[in-house]
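Thank you for making time this morning. I would like to walk you through one structure, slowly, and I will begin with its loops before moving on to its strands and its pocket.

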Amino acid sequence: VASSGNKFNLTNGAKLDVATLTLGTGNNITIDGTSQVSVTKLSGKGTINIDATNLTEDSKPIVGNASEFAGEIKVINNDNLKVIIDENGNVSIVEKVYVAQIGEDNKFETLQDAIDAANATDVINVVSSTTENITIAENDNITLTFSEGVTLNGYFAPFKGNLKINGGTINNTNSGASAIEINAGKLNLENVNISSARHAVRID
């Protein structure tokens, strides 16, 4: 099957079973939780929407190899689910794990995303452990409050700004970087445990 500029809806247990499915730009397939696309090879740059309304643990909306698909596969009608494609091209729907949040409603899957979105007066609550290296923009004011038992596995790249961290653990295994390096601004650490292969804190 190959087409361009079309929209398809698979609902009520419908099944599309093909060897090759190529979705050109502008193609849009919506699959509900009871239906399925079974394909040996999925390619193209179209969009596949998986409607979460009727999804169950046994739902398999897409069966086949999507490793060459350059379009977008996304879940609609449930902001807490996302699509992942593994190294073999298998498509799975998993629950999002939020690492940080600002207030009650603004949740982020990475700490970096939360930092990039934060305003100067925001408090970023770090609620899950994460592995990432953090960049702080020049002159930013960042306040992080770690929940009990939460660890940042990584480091803060050299920055010029203001950083306050309450609680948590920073575990830096990179011998070429300090866990925190500040070149200008203010650094305030309260009840923070730091383990680092290089400097715990460097003020340069």
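Asn77 sits in the loop that lies between strand S8, residues 72-76, and strand S9, residues 81-85, and please keep in mind, here and throughout, that what we are looking at is a predicted model. The phi angle of Asn77 is near 70°, which is a positive value in a residue other than glycine. Is Asn77 buried or exposed? Its relative accessible area is 57%, and because the cut-off for exposed is over 50%, Asn77 counts as exposed.

With a relative accessible area of 72%, Asn12 is exposed.

Thr30 belongs to strand S4, which covers residues 28-31. Thr30 counts as buried because its relative accessibility is 18%, and the cut-off for buried is under 20%. The side chain of Thr30 is also joined to the side chain of Asn49 by a polar contact of 3.5 Å.

Next comes the sheet. In general, the strands of a sheet pair through backbone hydrogen bonds, and they may do so either parallel or antiparallel. Here, seven strands form an open sheet, in the order S12-S11-S13-S15-S17-S19-S21, and the pairing is mixed. At the edges we find strand S12, residues 106-108, and strand S21, residues 201-203, each of which pairs on one side only. From one strand to the next, the twist averages 30°. If you look at strand S11, residues 100-102, you will see that three bridges join it to S12, and that these two strands run antiparallel. Within that pair, Ile102 stands opposite Asn106 in S12.

The largest pocket holds about 210 Å³ of space. It is lined by 14 residues, and the closest to its centre are Ser59, Lys60, Pro61, Ser92 and Ile93. Which strand gives the most to this lining? That is strand S10, residues 91-95, which contributes five residues.

How values were computed. Residues numbered from 1 in each chain as written. Predicted model: local features only at pLDDT ≥ 70, side-chain atom pairs only at ≥ 80, totals over all residues. Heavy atoms only, no water. Pairing = 2+ DSSP bridges. Helix = DSSP H or I, 4+ residues; strand = E, 2+ residues; numbered from the N terminus. Axes fitted to C-alpha atoms, helices over the stretch in contact; angles between N-to-C directions. 1 Å grid on protein atoms, 1.4 Å probe; cavity = no way out; pocket = protein on both sides within 12 Å on 5 of 7 lines; lining within 4 Å. Points joined across faces, edges and corners; volume = space filled by probe spheres on them. Buried < 20%, exposed > 50% of the residue type's maximum accessible area, 1.4 Å probe, protein only. Polar contact = N/O pair within 3.5 Å; in protein donor to acceptor, adjacent residues only side chain to side chain.
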